[in-house]
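Dear colleague,

I am passing on the structure below, together with some notes on what turned up in it. Please read the notes with the model open beside you.

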Amino acid sequence: MHPPAGSQVSRVPTQRTPPDQVVPVPVAPPPAPRKSRLRLILAVVGGVAALLCLSGVAVGYVLYDNATAPDRSAPDVVVDNYLRAFLVDRNDVQASQYTCPDTSALTELRNLRTDLQEREQRFQTTFRVSWGSLQVRRDGNAAEVRVNLSISTVLNNIPQSDRQPWRFVTHLDDDWRVCEAGRAA
């Protein structure tokens with residue numbers, strides 16, 4: 001309820017305690033210093049350890065990728081790797097890593113491998129294919145690689161071998177690929 005109009009009550013200033021008689025607000029004592037240094041050191045050590053682990057994973061990935069990536073850096077390298085995968089290891093999946101998308105011009109080499117496999121079954125022997133140096137003639141983003149394939153076996157304790165000159169055509173897109181293969185004249 002409001003005081004009546006004209007009353008002096010509404011004009012009396014509120015009473016305040018003089019500043020020298022004010023009771024101070026109790027201040028809490030400062031907290032005891034926590035082991036913040038230990039936490040800081042543990043956090044820094046943990047962060048460094050995590051960074052080292054992540055760096056190790058990254059380095060491991062790069063090294064693994066470089067070690068397992070097929071080498072298609074030059075025409076002679078890609079032909080050598082292709083021959084090893086296709087004729088020595090007889091691994092079509094691995095060999096396909098060295099070929100152009102269109103493999104129709106590699107039919108003659110496929111026929112050679114099929115013929116060797118049929119002879120191995122017929123004569124109960126194993127053919128070994130090897131080669132020597134590869135001669136490269138590069139022309140822009142294409143290169144011709146010539147090599148002599150040595151095909152050898154042992155039949156009835158008699159070593160036999162055949163030497164065949166072969167010609168490979170490679171193309172450079174992002175890397176070198178074998179696109180053609182055929183017996184050389």
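Which cysteine does a disulfide join to Cys 100? The partner is Cys 179, with an S to S distance of 1.6 Å, where a disulfide is taken to be a pair of cysteine sulfur atoms within 2.5 Å. Cys 100 lies in the loop between helix 3 (92-96) and helix 4 (107-123) and Cys 179 lies in strand 5 (residues 176-183), so the pair ties together parts that are 79 residues apart in sequence. A search of the whole structure finds one disulfide, and both Cys 100 and Cys 179 are buried. Cys 53, by contrast, counts as exposed, because its relative accessibility is 53%. Here buried means under 20% relative accessible area, exposed means over 50%, and partly exposed covers what lies in between (1.4 Å probe, protein chains only). Helices (H or I, at least four residues) and strands (E, at least two) are DSSP runs, numbered from the N terminus.

Before going further, please bear in mind that this is a predicted model, in which local features need pLDDT of at least 70 and side-chain atom pairs count only at pLDDT 80 or more, while totals for chains, interfaces and linings use all residues. Residues are numbered from 1 along each chain as its sequence is written, and side-chain values use heavy atoms, with hydrogens and water left out.

Helix 2 comes next. The 14 residues of helix 2 (residues 75-88) should span 20 Å at 1.5 Å a residue, and the end C-alpha atoms are 19 Å apart, which agrees; the expected span is 1.5 Å times one less than the number of residues. Of these 14 residues, 10 are buried, so helix 2 is largely enclosed by the rest of the structure. Among the buried residues are Pro 75, Tyr 82, Phe 86 and Leu 87.

After helix 2 comes Arg 90, which has a positive phi, near 55 degrees. The side chain of Arg 90 meets that of Glu 120 in a salt bridge (2.8 Å, N to O), a salt bridge being a side-chain nitrogen of Lys or Arg within 4 Å of a carboxyl oxygen of Asp or Glu. Since Arg 90 is in the loop between helix 2 and helix 3 and Glu 120 is in helix 4, the pair ties together parts that are 30 residues apart in sequence. Arg 90 is partly exposed, with a relative accessible area of 26%, whereas Glu 120 is buried, at 14%.

By this rule the count comes to nine salt bridges. Another of them is formed by the side chains of Arg 113 and Asp 92 (2.7 Å, N to O), and this pair links distant parts of the chain, with Arg 113 in helix 4 and Asp 92 in helix 3, 21 residues apart. Arg 113 is buried, with a relative accessible area of 10%, while Asp 92 counts as partly exposed at 42%. A salt bridge also joins Arg 137 to Glu 144, with the closest N and O atoms 3.7 Å apart. Salt bridges that share partners join Arg 137, Glu 144, Arg 146 and Arg 167 into one network.

Lastly, Ser 150 lies in strand 3 (residues 142-155) and is buried, with a relative accessible area of 16%. Leaving aside neighbours within four places in sequence, Ser 150 is in contact (heavy atoms within 4.5 Å) with Arg 128, Val 129, Ser 130, Asp 162 and Arg 163.

With best wishes
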